Amino acid sequence: MAQKPRSISATAPRLGKALKRSFFDRSVHEVAPDLIGATFLVGGAGGIITEVEAYHHTDPAAHSYRGPTPRNQVMFGPPGFSYVYRSYGIHWCVNFVCEEAGSASAVLIRAIEPTHGLAAMRRRRGLEDERALSSGPGKLCEALGITIAHSELPLDRAPIALHARTEAPEIITGVRIGITKAVDLPWRYGLKGSKFLSKRF
């Protein structure tokens, strides 16, 4: 008989203080590394953020670079809201809007280490290996049930919850993935030594 996957509830790490929208009201280059080690939950499922990328409005790779559109309008609003878009018509990706209204900068959440709601995440992804559940922006959105319905939502209200990290992590940086412009900018941040990354640094 197959062994039942262990419950994560008894071993989930202690959550830090809840992050408020004001956390995002500063440079995207400060917010992005500060999110490494924080916990991101949607409807109670999620985990520790292990990899992110920063996008600034002056960056040709940013969706906001050419100005507001119906799709990216939320990026031009106040900080602390979600921006969800479909990548290549296939996968949803979730971003956190940063900086003052009009700046149109955001952090793409690329990967998390699952710590909460693993049963739901496994069911949505149709696999057991926790290292493969959310090791990429599309994978984590599928695992957390994120769709366009989660765009333009405040990051400090249900169903979304963000909790500050409880210890200072060792962070590594590198170039961003899957872009064709501003490819040399080292605006990708990751948790050093993590097994829950979309790609090695």
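**Exercise 1. Determine how many of the eight residues of H4 are buried, and which elements those residues pack against.**

Solution. Helix H4 is mostly covered, since six of its eight residues are buried, where buried means under 20% relative accessible area, exposed over 50% and partly exposed in between, with a 1.4 Å probe and protein chains only. The model is a predicted one, in which local features need pLDDT of at least 70 and side-chain atom pairs count only at pLDDT 80 or more, while totals for chains, interfaces and linings use all residues. Residues are numbered from 1 along each chain as its sequence is written, and side-chain values use heavy atoms, with hydrogens and water left out.

Step one is to list the buried residues of H4, which are Pro137, Gly138, Leu140, Cys141, Ala143 and Leu144. Helices (H or I, at least four residues) and strands (E, at least two) are DSSP runs, numbered from the N terminus. Step two is to find the partners: the buried residues of H4 pack against strand E1 (39-42), E2, E4, E5, helix H2 (118-125) and helix H3 (130-133), with contact meaning heavy atoms within 4.5 Å. Step three looks past the end of the helix, where Gly145 follows H4 with a positive phi near 70 degrees.

**Exercise 2. Identify the buried residues of H2 and what covers them.**

Solution. In H2, the buried residues are Leu118, Ala120, Met121, Arg122 and Arg125, and their cover includes E2, E5, H3 and H4. Just after H2 comes Gly126, which takes a positive phi of about 70 degrees.

**Exercise 3. Decide whether Thr50 is buried or exposed, and list its contacts.**

Solution. Thr50 lies in strand E2, and it counts as buried because its relative accessibility is 0%. Once its neighbours within four places in sequence are left aside, Thr50 is in contact with Ile36, Ala111, Ile112, Glu113, Tyr189, Gly190, Leu191, Ser194, Phe196 and Leu197.

**Exercise 4. Describe the largest pocket by its volume, its lining and the elements that supply it.**

Solution. A pocket is defined on a 1 Å grid over the protein atoms alone as an open set of points where a 1.4 Å probe fits, with protein on both sides within 12 Å along at least five of seven lines, and lining residues have an atom within 4 Å of a point. The volume is the space filled by probe spheres set on the points, and for the largest pocket this is about 780 Å³. Its lining has 33 residues, of which His63, Tyr85, Ser87, Tyr88 and Gly178 lie nearest the centre. Strand E2 (45-55), strand E3 (82-87), strand E4 (91-98), strand E5 (105-116) and helix H4 (137-144) each supply at least two lining residues, and E3 gives the largest share, four residues. By class, the lining divides into 16 nonpolar, 10 polar and seven charged residues, where Ala, Val, Leu, Ile, Met, Phe, Trp, Tyr, Cys and Pro count as nonpolar, Asp, Glu, Lys and Arg as charged, and the others, Gly among them, as polar.

**Exercise 5. Characterise the second largest pocket in the same terms.**

Solution. The second largest pocket holds about 220 Å³ of space. It is lined by 14 residues, with Gly37, Ile48, Arg165, Thr166 and Glu167 nearest its centre, and the lining divides into seven nonpolar, four polar and three charged residues.
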